[in-house]
Amino acid sequence: MKISVLREGTHCQSCHDCTARGFAICAALDKTKLRELAQLSRHVRFESGATVFAQANIATSFFSVHAGTLRLYKLLPDSRRQIVGFALPGDFLGLPGLPQHEFSADAIGRVTLCQFPKESFATFAENRPQLLRRMIELAGRELARAQEHMVLLGRRSAEEKIASFLIGWRDRLSGIGRGGEIMPLPMKRLDIADHLGLTIETVSRTFSKLERDGVIQTLASGVVLLDTPRAEALSAGIS
């Protein structure tokens, strides 16, 4: 596993200046409690393709994404891969009470994270109800996203799945201040296929069809939504 620790004051900002703080788990803390939490953490960097943690391994740490994108996936018994999601800045990875990781997390491009020892973080959170409420809030969002993904896998056409993925990704980027005309897609087409339960050939054909129909424009740097109402209608299952 390729990992490098970021030295304090050299590569990372203070917690007060962190660009992800406003939508991360630590948004619930005041300056004093934030400083206490910072004493528990270290900043780590993973290069593209590196594994942050692996499915079924003992969970010894929690992570908060500071920058970059992570691929979250489970391996089935026959070695097939199901991508369960993609983590963005502000996302918190880890659930108290679970002894091992339920999925694996790999870096898509370079990522930086705040790493917290599991036991120390759990002790810190026990007496800070505002942090626990924030954890419940973030967990609720993840649950809602997982439920929507279940519907997406079982009840949508390929075109609807791709449109729903693009609209959802747009909304997530906008939520962390990364919205713009060009929507970056750091993940590969195979990642999207494994996330949506499609083949890579189907994903490529569907992107091409949406582009021919004037719904999207694909660029090397990402995707532009040319016909947002149409994309949103497809995302909602309205043909």
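## Basis of the description

Two strands pair if DSSP finds at least two bridges between them. Helices (H or I, at least four residues) and strands (E, at least two) are DSSP runs, numbered from the N terminus. This is a predicted model, in which local features need pLDDT of at least 70 and side-chain atom pairs count only at pLDDT 80 or more, while totals for chains, interfaces and linings use all residues. Residues are numbered from 1 along each chain as its sequence is written, and side-chain values use heavy atoms, with hydrogens and water left out.

## Strand E4 and its partners

With strand E7 (residues 104-117), E4 forms 11 antiparallel bridges; Ala-67 lies opposite Thr-112 of E7.

Strand E6 (residues 92-93) is joined to E4 by two antiparallel bridges, and Phe-63 has Leu-93 in E6 as its bridge partner. Six antiparallel bridges link E4 to strand E5 (residues 81-87), where Arg-81 is the bridge partner of Leu-75. E4 and E5 make a hairpin with five residues between them, and Ser-79 in the turn has a positive phi of about 75°.

## Sheet E8-E10-E9

An open sheet of three strands has the order E8-E10-E9, with antiparallel pairing. Its edge strands, each pairing on one side only, are E8 (182-183) and E9 (216-219). E8 is held to strand E10 (residues 222-225) by two bridges, and Met-183 stands opposite Val-223 in E10. Helix H6 (residues 200-212) packs on this sheet and touches E9 and E10 (contact: heavy atoms within 4.5 Å). The direction of H6 makes about 120° with that of E9 (axes are lines fitted to C-alpha atoms, for helices over the stretch in contact; angles run from 0 to 180 degrees between N-to-C directions).

## Helices H2 and H3

Helix H2 (residues 118-126) packs against helix H3 (residues 129-155) at about 115°, with the axes 7 Å apart. H2 is therefore roughly perpendicular to H3 (65 to 115 degrees; under 35 is roughly parallel, over 145 roughly antiparallel, the rest oblique). Phe-121, Phe-124, Ala-125 and Glu-126 of H2 meet Leu-131, Leu-132 and Met-135 of H3.

## Cysteines

The whole structure contains zero disulfides (pairs of cysteine sulfur atoms within 2.5 Å). For Cys-18, the nearest cysteine sulfur is that of Cys-114, 6.0 Å away. Cys-18 is buried at 19% relative accessible area, and Cys-114 is buried at 12%.

Definitions and conventions: Buried means under 20% relative accessible area, exposed over 50%, partly exposed in between (1.4 Å probe, protein chains only).
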